[in-house]
Structures are given as C-alpha cells and as structure tokens.
Amino acid sequence: MALREARKKADLFAAQVARRSGVNPNTLLMYERGEKNINGAKLLTLLKLCDVLNCGLQDIITDPEALELLKKLEIK
C-alpha cells in the first residue's frame, strides 16, 4: 500500500494528515503523486506519517530493498 492508500484507509483528508503530522501539505501531496520520492524522506517524517495514519513503514515506502530489510528486521 502506498501513502495515498494508507491515508484513504485511515479515512483522512490530505490536509488533516499534514496538520496532524506537521508535514508540509504540498510535500505530502507531492509524495502521494510520486513527484517527490517518499523513500528519501527523513525517518522522523516517515514515522510521523505512520503515527497519524496508524500504519507501518512497510505501508508507505515503496523501495523494494528497504521493504526487504524491514521484513528481515521484523523477524528479530
């Protein structure tokens, strides 16, 4: 699931997510549209988004290598 799908699943508007997470609304929309690579976001930004959306990192990042490492680390 990508950021937009996670937001919709949480039943929130982009403006609500931006306000609650402290992420700039334009930046959030650029992440959702793929105009800005969410995989390059700061960890703190990703964690804030996950907190607001009540999801895990694996739900909003798209980089296959990062997703594989997350799976590996969940086992520990």
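**Notes on the salt bridges and the core**

1. Starting at E35: this residue is exposed, with a relative accessible area of 53% (exposed is over 50%, buried under 20%, partly exposed in between; 1.4 Å probe, protein chains only). Its side chain meets that of R33 in a salt bridge, 3.0 Å from N to O (a side-chain nitrogen of Lys or Arg within 4 Å of a carboxyl oxygen of Asp or Glu). R33 is partly exposed at 47%.

2. A word on the basis: this is a predicted model, where local features need pLDDT of at least 70 and side-chain atom pairs count only at pLDDT 80 or more, while totals for chains, interfaces and linings use all residues. Residues are numbered from 1 along each chain as its sequence is written, and side-chain values use heavy atoms, leaving out hydrogens and water.

3. The structure has 3 salt bridges, and shared partners join R4, R7 and E32 into one network. R7 and E32 are both buried, and their closest N and O atoms are 2.5 Å apart. For E32 and R4 that distance is 3.3 Å; R4 sits in helix α1 and E32 in helix α3, 28 residues apart (helices are DSSP runs of H or I, at least four residues, numbered from the N terminus).

4. Now the largest nonpolar core: 21 residues, with L3, L28, L49, L53 and I60 having the most contacts inside it (buried Ala, Val, Leu, Ile, Met, Phe, Trp, Tyr and Cys joined through side-chain atoms within 4.5 Å). Helix α4 gives the most, 5 residues.

Notes. Helix = DSSP H or I, 4+ residues; strand = E, 2+ residues; numbered from the N terminus.
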